[in-house]
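Please consult the sequence and structure shown here.

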Amino acid sequence: MTKTLFEPYTLGSLTLSNRIIMAPLTRNRAGPGFVPGDLTAEYYGQRASAGLLISEATQISQQGQGYQDTPGIYSQAQIEGWRKVTSAVHAKGGRIFVQLWHVGRVSHIELQENGAAPVAPSAIRAKTKTFVNDGFIDVSEPRALKLHELPGIVDDFRKAAANAVAAGFDGVEVHGANGYLLDQFAKDGANVRTDAYGGSIENRARLMLEVTAAVVEEIGAERTGIRISPVSPANGVSSSDAQAQFDYIVDQLDALGIVYIHVVEGTTGGPRDATPFDFGSLRRRFGNTYIANNGYDLELATSHLTEDKADLFAFGRPFIGNPDLVERLQTGAPLAQINPATIYGGGAAGYTDYPAIAAASRR
Ligand code: 8OZ
């Protein structure tokens, strides 16, 4: 029998009102001090009918920032800004996790303290661009992190998780995807270290797993999820052994007892099948909730749900233009298209001004 996305789902201790997740979406609208403001609270509040919202990627430290005007969660003012967001979502009965982010080598000296080089597993520059001073420019040459610096990064994630709870978030998603720091360590195209954090599959997974374990220790496994993108070449990463690498990672994540894995199936924002990969293997290895993402529409999500390939489905870009995406999918209402020019940066235009479908057209 066909299953439906429009029924409640139990995620750890939370009851989600449906199986549709708002994927993390970078919008570059934080205020001075990288503090999310009232407009951001309004934006997330408008989308609270998603079963769960996952915030835009949020840096755990200044070193972890790679783009202009992305929000942080390491200062008191940022915690207070996020408190407005979580209150707006909760007031409408929604649930929200924050995505914790360190960009690693995907950054620019202009964003770093005293113009320092961005950090990476190895001093290999990413073939990718970042968004700085209202334009896309090449990322800076990184420096390799020293072994003694890694505990500090784990600790920054741990503190950010504690801050997330203080800000009222229902949980935390570790950003282990899309060519950022933890994915850079996992994939051998970006990591040529010869210490305990490079070389073998186990060594390359170490930082991602230590970070996740630290978050679990801080806020509990029921409130900890992670996003991974095993075969995505996003931000210039590549892997010679993705299946073995991510089979191992997911076995270890399962052992940590975290509440979900959120899997970008294929190329982030691109084709689902550019690189062969058995996502069913990850599904089978992980006992808790599997959130699927990348190129889903209602039909594909419903068929994957019915075939038990995933529990929950994350939609990204459709949530930009459709604050009431859940209702539109449920009623078959047309979806609004988005203006690409207002995705990254700006104010209310293209952010909070996409309307819900008019009440009249629902009848
Ligand atoms: C688009 C632009 C900037 C950042 C990701 C956090 O891909 C991002 C991102 C996406 O995970």
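The report describes the ligand site and then the salt bridges.

The model is predicted: local features need pLDDT of at least 70, side-chain atom pairs count only at pLDDT 80 or more, and totals for chains, interfaces and linings use all residues. Residues are numbered from 1 along each chain as its sequence is written, and side-chain values use heavy atoms, with hydrogens and water left out.

**Ligand site**

Around the ligand lie Thr26, Ala57, Tyr67, Trp101, His175, Asn178, Tyr180 and Tyr344, each with a heavy atom within 4 Å of the ligand. By class, this shell holds 5 nonpolar, 3 polar and no charged residues.

**Salt bridges**

The whole structure contains 20 salt bridges, each a side-chain nitrogen of Lys or Arg within 4 Å of a carboxyl oxygen of Asp or Glu. One of them joins arginine 285 and aspartate 251, at 2.9 Å from N to O. Arginine 285 belongs to helix 7 (residues 279–285) and aspartate 251 to helix 6 (residues 242–256), so the pair ties together parts that are 34 residues apart in sequence. Helices here are DSSP runs (H or I, at least four residues), numbered from the N terminus.

Definitions and conventions
Ala, Val, Leu, Ile, Met, Phe, Trp, Tyr, Cys and Pro count as nonpolar, Asp, Glu, Lys and Arg as charged, and the others, Gly among them, as polar. Helices (H or I, at least four residues) and strands (E, at least two) are DSSP runs, numbered from the N terminus.
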